[in-house]
Amino acid sequence: MKNYAIVGFGCAGFHAARAIRQLDPSGRIAVFSDTGQPPFNPMLTTYYASEKLELDGVFPFGGMEEIQRKLSLELYSDMRVRRVDTAHRSIELEGGQMRGFDAILIATGASALVPGPLRRGGGDFFLMRTLNDAQRLRRRLEQGGVKRAVVVGGSMVGIKVAELLYRRGVEVTLADGAPYLFPLAAYESTAHAIQQRLEERGLDLIFRAQVSAVTPKGVTLADGRTLEADLVCLCIGTRANVELVANTQVLEGENVQIERGIVVDEGMRTNVPGIYAAGDCCEGVNLQTGKTAVIGLWANAGAQGDCAGRNMAGQFCRYYGNILHNITHFFDMDFIGLGDPNLPGERCSFREKGFTVEAILEDGKLNSINLFGNYRISGILKNHLTKRLLGGEARLTPAQQGLLAAGGLSRAFIRRIGGE
Amino acid sequence: MSYIFLLDTRKCIGCGACAVACMDQNDVQPQEGDEPFRQCFVIEQGSGKDAPVRYLSMACMHCAQAPCVQGCPAGCLKKDTDTGFTVYDQTNCIGCHSCAMACPFAAPCFDRAGKMVKCDGCIERVRRGMQPACVRVCPYGALQLVEKETFGAGQRGKSARLLAYTALDGERTDSE
């Protein structure tokens with residue numbers, strides 16, 4: 001009988017457990033979770049904080065007891081894992097107890113990034129990553145008295161926090177060190193169009209504004225300006241939770257390779273046999289560069305976890321990788337970024353009443369797309385770009401072309417981005 | 001019992017009766033801003049006056065490995081084990097549109113409350129032994145719903161899902 005360990009139980013951990021159980025009905029699956037909470041998408045925190053979702057709506061796979069029973073898991077939520085001993089394929093628990101396994105999955109996710117200097121200003125701030133973060137913000141807003149707020153970080157989470165505060169009548173400033181909104185997903189032109197719409201709605205946006213401290217009165221910017229606020233929320237980004245395998249002294253064997261996340265191959269294996277990683281803590285293949293990168297997305301974590309679980313249980317499985325992609329619905333708008341916006345190429349665009357599509361093509365082949373105001377055709381375009389990068393037919397199928405035309409694109413533009 | 005939608009492009013005349021029946025069945029009101037679940041359009045093959053013209057009628061393809069199911073952060077979508085349809089419960093839908101970005105065929109729509117709606121294969125009708133509204137109304141029998149067990153090799157070219165993934169006439173270029 002095989003012994004499996006899953007450290008961290010979010011989307012990736014859940015999918016791995018489910019895959020293992022499908023393939024190995026009798027194996028022992030030990031799940032180590034420091035929260036004891038059922039898997040949930042950190043993106044839902046803003047929906048909980050804004051009261052659009054209640055707690056039972058946050059857990060898509062059901063409650064922990066139900067999951068534990070269905071998948072026959074041994075759940076350890078009261079024992080923290082201190083480190084993963086890669087040389088002995090063991091887990092060291094707090095208290096020093098060691099447990100060995102046949103295969104270990106690290107699925108520890110990511111945490112909200114808080115640059116050290118920001119803590120030194122002595123001011124309180126909120127984050128938006130965990131359920132506790134969301135509950136804390138919700139309680140604070142229920143107390144009342146929040147008239148002015150600063151959201152630090154024009155990320156996909158930052159914009160949603162800004163929106164939920166705005167909808168409660170709070171005067172909001174969104175400050176970011178970048179030159180424009182969503183710089184990892186948006187072209188500057190698309191970002192400017194979004195920014196204009198946001199400013200028309202009354203949101204105060206400040207770019208190239210590095211926040212140097214959170215103080216009891218608000219925030220201080222690197223250029224000396226201060227922004228007064230009753231509430232500050234940091235949404236700067238996330239950092240992969242790699243501590244369990246990082247900086248551990250390895251006396252024999254080798255260390256697990258870590259860049260910004262734990263580096264894995266197409267089978268979600270780390271460089272150390274028997275140790276796997278999946279989800280936001282790992283770096284899988286970015287199809288556009290061929291290199292590994294953290295692509296922290298829900299569906300990606302699910303696919304990676306499933307692949308890891310299959311391989312851990314002895315089946316051969318490859319997950320070919322993914323592209324940067326994002327859909328963000330905020331202030332009644334949709335922004336979709338597909339592919340790396342900073343890759344070179346020729347720009348082409350299509351504007352129709354109500355929506356804009358911009359694309360960058362290199363030698364006639366699609367590198368990236370920005371879609372603003374039309375979610376419905378986004379999946380066709382994402383599928384097309386991914387398929388092209390996987391080496392498949394680079395042309396849109398007639399059905400997809402027809403659907404894009406029905407969605408408002410001109411035949412000429414469809415032919416152009418469709419590889420004809 | 002699992003089902004497969006068929007579309008015979010040699011029979012479809014693009015009349016749009018299927019799309020209208022779908023709106024009627026699902027209370028979709030385009031004049032109020034609702035998006036139709038089923039869309040019909042012409043496919044141009046080549047150019048000139050002799051270029052063949054074909055029509056397609058498309059809604060949810062009920063993919064076996066449905067990417068929308070994996071894409072939904074709130075667990076609103078799932079595969080119905082009896083029929084094979086991709087079904088949904090929009091109670092916890094937050095209107096994030098992640099399902100739309102996951103779907104290669106623009107199937108997910110959103111109602112006026114901002115919650116996802118889409119073709120569910122008329123599952124309530126099918127469970128009661130009736131045909132989906134679109135199939136029932138098709139005047140030429142171009143749209144059909146068949147049981148997977150009776151789906152023969154000769155019908156491959158008519159599988160709506162394969163048609164969507166490939167060029168016309170079932171010229172298969174991708175996995176189902």
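Let's start with helix H5 of chain A, where A:Asn132, A:Arg139, A:Glu142 and A:Gln143 are exposed on the face turned away from the buried side. This is a predicted model, so everything here describes computed coordinates. The buried residues of H5(A) are A:Asp133, A:Ala134, A:Leu137 and A:Leu141. Looking down the helix axis, you will find these buried residues within an arc of 95°, so they line one face of the helix.

What covers that buried side? The cover includes helix H2 (44-49) and strand E9 (126-127) of chain A. The length of H5(A) also checks out: its 13 residues (131-143) should span 18 Å at 1.5 Å a residue, and the C-alpha atoms at its ends are 18 Å apart, which agrees.

How many of the 12 residues of H9(A) are buried? The count is 11, so the helix is largely enclosed by the rest of the structure. Among the buried residues are A:Ile380, A:Leu381, A:Leu385 and A:Leu389, and the list also includes A:Lys382, A:His384 and A:Arg388.

The cover over H9(A) draws on both chains: it includes E22, E23, strand E26 (365-372) and H10 of chain A, together with helix H3 (98-102) of chain B. From first C-alpha to last, H9(A) reaches 17 Å, close to the 16 Å expected at 1.5 Å a residue. H9(A) is followed by A:Gly391, whose phi is positive, near 85°.

## Where chain A meets chain B

The contact between the chains involves 36 residues of chain A and 31 residues of chain B.

Sorted by class, the chain A side of the contact has 19 nonpolar, 12 polar and five charged residues.

## Domains of chain A

The domain assignment divides chain A into domain 1 (3-41 + 59-110 + 239-312), domain 2 (114-236) and domain 3 (332-417). Taken over C-alpha atoms, the centres of domain 2 and domain 3 of chain A are 31 Å apart. Their contact uses nine residues from domain 2 and eight residues from domain 3. On the domain 2 side, six of the residues are nonpolar, two are polar and one is charged.

## A buried proline in a loop

A:Pro42 sits in the loop between strand E2 (28-32) and H2 of chain A. Is A:Pro42 buried or exposed? It has 24 C-beta neighbours inside 10 Å, so A:Pro42 counts as buried. A:Pro42 and A:Ser111 are 69 residues apart along the chain, yet their C-alpha atoms are separated by 9.9 Å.

For the model as a whole, ipTM is 0.92 and pTM is 0.92. Chain B has a mean pLDDT of 88, and 92% of its residues reach 70 or more.

One stretch of chain B calls for care: over residues 168-176, pLDDT stays under 50. The model has 25 contacts beyond four places in sequence for this stretch. Where pLDDT is low, the predicted coordinates should not be read in detail.

How values were computed:
Residues are numbered from 1 along each chain as its sequence is written. Chains are lettered from A and ligands numbered from 1 in the order in which they are written. This is a predicted model: local features need pLDDT of at least 70, side-chain atom pairs count only at pLDDT 80 or more; totals for chains, interfaces and linings use all residues. Domain bounds come from an automatic or database domain assignment. Two residues are in contact if their C-beta atoms, placed from the backbone, lie within 7 Å. Ala, Val, Leu, Ile, Met, Phe, Trp, Tyr, Cys and Pro count as nonpolar, Asp, Glu, Lys and Arg as charged, and the others, Gly among them, as polar. pLDDT is the predictor's confidence in each residue, from 0 to 100. Helices (H or I, at least four residues) and strands (E, at least two) are DSSP runs, numbered from the N terminus. The expected span of a helix is 1.5 Å times one less than its number of residues. A residue is buried if 20 or more other C-beta atoms lie within 10 Å of its own, exposed if 12 or fewer, and partly exposed in between; C-beta atoms are placed from the backbone. The arc is that of the directions from the helix axis to the C-beta atoms.
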